[in-house]
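Biologist: I am new to this structure. Please pick a single part, take me through it closely, and then link it to the rest.

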Amino acid sequence: MSNNFPVSADAVCLISPNISSNQFTQSTPLKLGIMASGNGSNFEVVAQAIQDGQLNAQIQVLIYNNPSAKAAVRAVNRGVEAVLLNHRNYKNREELDEQIVQTLRKYDVEWVIMAGWMRLVTKVLIDAFPNKIINIHPSLLPSFKGVHAVEQALASGVKITGCTAHIACLEVDSGPILMQAAVPVLPDDTPETLHARIQVQEHRILPQAIALAASP
């Protein structure tokens, strides 16, 4: 399968300089495990990219921590196993991550995609999949880390923000950057309107970043 993605004129895509854009291919399908906490729109876009032949991969499992997460419905609709690991049922983050690792290994996952996973991860998960965990974050990292990135951008008065796909590490919203897309901040933006435009670009770059990270 090819990994040819349309480029939108609405944002600037930046590719990490140590990875060439001609490396967007891999010979065997990637085995993905997706982690999500909410609506699951990034899960959907990865699944659609696979269906459209733009990403040579298969989704082995979706792990979700919120019982009401719509991501689980999206997974079931696409025939993907959805596993609920409610963080409230675990004593601490490490215990939750141990169960996540066990589940990912059960489904033979090679790459972990945190697509709207709203829990801090620990050394347990990071060490189990070294340099093979991808996170998508709604800012141009290293600016505006954390769960309120969009609000931070508006409060700071910046004229441009965006999103970042990066390799996850133990430090929150850090690690090698794979791809970024820039989004203008408009004078009348609210957190909702700005986040909606950022999310459009998240959907554009996430499948590309997965292919890019896994390319030899």
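Modeller: Helices (H or I, at least four residues) and strands (E, at least two) are DSSP runs, numbered from the N terminus. This is a predicted model, where local features need pLDDT of at least 70, side-chain atom pairs count only at pLDDT 80 or more, and totals for chains, interfaces and linings use all residues. Residues are numbered from 1 along each chain as its sequence is written, and side-chain values use heavy atoms, with hydrogens and water left out.

Start with Leu-96. It is found in helix 3, which covers residues 93–106. Its relative accessibility is 4%, so Leu-96 counts as buried (under 20% relative accessible area; exposed is over 50%, partly exposed in between; 1.4 Å probe, protein chains only). What does Leu-96 contact, leaving aside its neighbours within four places in sequence? Leu-85, His-87, Tyr-90 and Trp-117 are in contact with Leu-96 (heavy atoms within 4.5 Å). Take Leu-85 from that list. Leu-85 and Leu-96 are 11 residues apart in sequence, and their C-alpha atoms are 7.5 Å apart in space.

Asp-108 is found in the loop between helix 3 and strand 5. It is not a glycine, yet its phi is positive, near 60 degrees. Asp-108 has a relative accessible area of 42%, so it is partly exposed.

Two strands pair if DSSP finds at least two bridges between them. Here, Val-112 in strand 5 is the bridge partner of Gly-33.

Now look at strand 2 itself. It covers residues 30–36, and six of its seven residues are buried, so strand 2 is largely enclosed by the rest of the structure. Strand 2 has strand 3 as another partner. Strand 3 covers residues 57–64, and the two strands pair in the parallel sense over seven bridges. Across that pairing, Met-35 stands opposite Ile-63 in strand 3. How does the chain get from strand 2 to strand 3? It crosses through helix 1, residues 41–51, and this β-α-β crossover is right-handed (with the strands pointing away from the viewer, the path from the first strand over the helix to the second runs clockwise).

Helix 1 deserves a stop. Eight of its 11 residues are buried, so helix 1 is largely enclosed by the rest of the structure. Among the buried residues of helix 1 are Phe-43, Val-45, Val-46 and Ile-50. What covers the buried residues includes strand 2, strand 3, helix 2 (70–77), strand 6 (133–137) and helix 6. After helix 1 comes Gly-53, with a positive phi near 80 degrees.

Two names in that cover lead onward. Take strand 6. It is joined to strand 7 by four bridges, and the two run antiparallel. In this pairing, Ile-136 has Ala-165 of strand 7 as its bridge partner. Strand 7 covers residues 160–167, and seven of its eight residues are buried, so strand 7 is largely enclosed by the rest of the structure. Strand 7 also pairs with strand 8, residues 177–184, in the antiparallel sense over seven bridges. There, His-166 stands opposite Ile-177 in strand 8. The loop between strand 7 and strand 8 holds Asp-173. Asp-173 is not a glycine either, but it has a positive phi of about 50 degrees. Its relative accessible area is 13%, so Asp-173 is buried.

Pro-142 is found in the loop between strand 6 and helix 5. A cis peptide bond joins Leu-141 and Pro-142, with omega about 15 degrees.

Helix 5 brings us to helix 6. Helix 5 covers residues 149–156 and helix 6 covers residues 191–214; they pack at an angle of about 115 degrees, with their axes 10 Å apart. Axes are lines fitted to C-alpha atoms, for helices over the stretch in contact, and angles run from 0 to 180 degrees between N-to-C directions. Val-150, Glu-151 and Leu-154 of helix 5 make the contact with Pro-191, Leu-194, His-195 and Ile-198 of helix 6.

Last, step back. The protein has six helices and eight strands. Along the sequence they follow the pattern β-β-α-β-α-β-α-β-α-β-α-β-β-α. Of the 216 residues, 50% are buried. Among contacts between residues at least 6 apart in sequence, 66% join residues at least 24 apart.
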